[in-house]
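Colleague: Could you walk me through this model and tell me what stands behind each label you use?

Modeller: Happy to; let us look at it together.

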Amino acid sequence: MFSRFNKYDSCPVSLAYQNLSQVDHALTQTSAHNIQDIIDLFNDCFFDRFNTRLVKGNDEPIYLPAGETDINIPAQSYAQVVFAHGYYASALHEIAHWCLAGEQRRKLVDFGYWYCPDGRTAEQQKTFQQAEIKPQSIEWALSIAAGFKFNVSCDNLSGDEFGNQPDSQAFEQDILKQINVYLVNGFPPRAQQLMETLAERYQQSIPTNINQFIPSFKLDIK
């Protein structure tokens, strides 16, 4: 959907997918993946402790702390993780960002980031992809736990200033290396909790091995 600039260090950081990429992700959604299920599972896991709900939004995703509002999204007494278009993939991606955000970030609208459009420069894209490695690693693991297809998203369909498209294969390798780190050291606690809940709901295995992500993948960590 889009990326955002960090208010504090002025570097592009993604919070979602580019809209056209979402359409591709929507095509992977099956009847088994009812959007109300992920909403209920998230809220059951986290509302009582974190006063946060997953909310189906419209065109753009956003994170709203309690008491904050956005266009067509009224303020609530609880925080809102708003995902776009009712897409299951968008929900998982926004959840992944929330699972990474610390306590102070969760007090800020969109965790303290703002919009940076498609068409980033090569340097901006490099920073974007670095910022996206952990969220997409978590999203991939959540997808496996839900039995849902995951697609790596470089989120720069217009290309850089030289007309070059991002190297999605290299980006995928970076994500897989981070996944391997998580498999060794543990996923963030909220991500792990939701993975277990999703795996139980969809009768899937919790990700514990890199081969669950790409069976033929040979990890080359240097």
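Modeller: The protein has six helices and six strands. This is a predicted model, in which local features need pLDDT of at least 70 and side-chain atom pairs count only at pLDDT 80 or more, while totals for chains, interfaces and linings use all residues. Residues are numbered from 1 along each chain as its sequence is written, and side-chain values use heavy atoms, with hydrogens and water left out.

Colleague: How much of the protein counts as buried?

Modeller: Of its 222 residues, 51% do. Buried means under 20% relative accessible area, exposed over 50%, and partly exposed in between, with a 1.4 Å probe and protein chains only. The accessible surface comes to about 10,600 Å², and 47% of that belongs to carbon and sulfur atoms. Such areas come from the Shrake-Rupley method with a 1.4 Å probe; for residues, only the protein chains shown count as cover.

Colleague: What share of the contacts joins residues 24 or more positions apart?

Modeller: Among contacts in the protein with a separation of 6 or more, that share is 73%. A contact means heavy atoms within 4.5 Å.

Colleague: Turning to helix H2, how do you know that its span is close to the expected one?

Modeller: H2 covers residues 35–50, which makes 16 residues, and reaches 21 Å from its first C-alpha to its last, close to the expected 22 Å. The expected span is 1.5 Å times one less than the number of residues.

Colleague: Where is the kink in H2 centred?

Modeller: On Asn43, with a bend of about 35°. The bend at a residue is the angle between axes fitted to the seven residues ending there and the seven starting there.

Colleague: Why is Asn34 called a cap of H2?

Modeller: A side-chain oxygen of Asn34 lies 2.7 Å from the backbone nitrogen of Gln36, at the N-terminal end of H2. A polar contact is a pair of N or O atoms within 3.5 Å; within protein, one must be able to donate a hydrogen and the other to accept it, and residues adjacent in sequence count only if both atoms are side-chain atoms. The 2.7 Å pair is within that limit, so Asn34 caps the helix. After H2 comes Asn51, whose phi is positive, near 50°.

Colleague: What do the buried residues of H2 pack against?

Modeller: They pack against strand S3 (52–56), strand S5 (79–83), helix H3 (88–100) and helix H6 (189–202). Among these buried residues are Ile35, Ile38, Leu41, Phe42 and Cys45.

Colleague: Why is Ile38 called buried?

Modeller: Its relative accessibility is 0%, which is under 20%, so Ile38 counts as buried. Leaving out residues up to four places away in sequence, Ile38 touches Leu54, Tyr88, Ala91, Leu92, Ile95 and Leu198. The C-alpha atoms of Ile38 and Arg201 are 163 residues apart along the chain and separated by 9.7 Å.

Colleague: What makes Asp110 and Phe111 worth a look?

Modeller: Each is a residue other than glycine with a positive phi, near 50° for Asp110 and near 60° for Phe111. Asp110 lies in the loop between H3 and strand S6 (113–116), and Phe111 is in that loop too. At 4% relative accessibility Asp110 is buried, and Phe111 is buried at 4% as well.

Colleague: How do you know that Glu132 makes a polar contact with His97?

Modeller: Their side chains are 3.1 Å apart, and this is within the 3.5 Å limit, so the pair qualifies. Glu132 lies in helix H4 (residues 122–146) and counts as buried at 0% relative accessibility.

Colleague: Is Gln178 buried or exposed?

Modeller: Buried, because its 14% relative accessibility is under 20%. Gln178 sits in helix H5 (residues 168–185) and, neighbours within four places in sequence aside, is in contact with Ile133, Lys134 and Ser137.

Note on methods: Helices (H or I, at least four residues) and strands (E, at least two) are DSSP runs, numbered from the N terminus.
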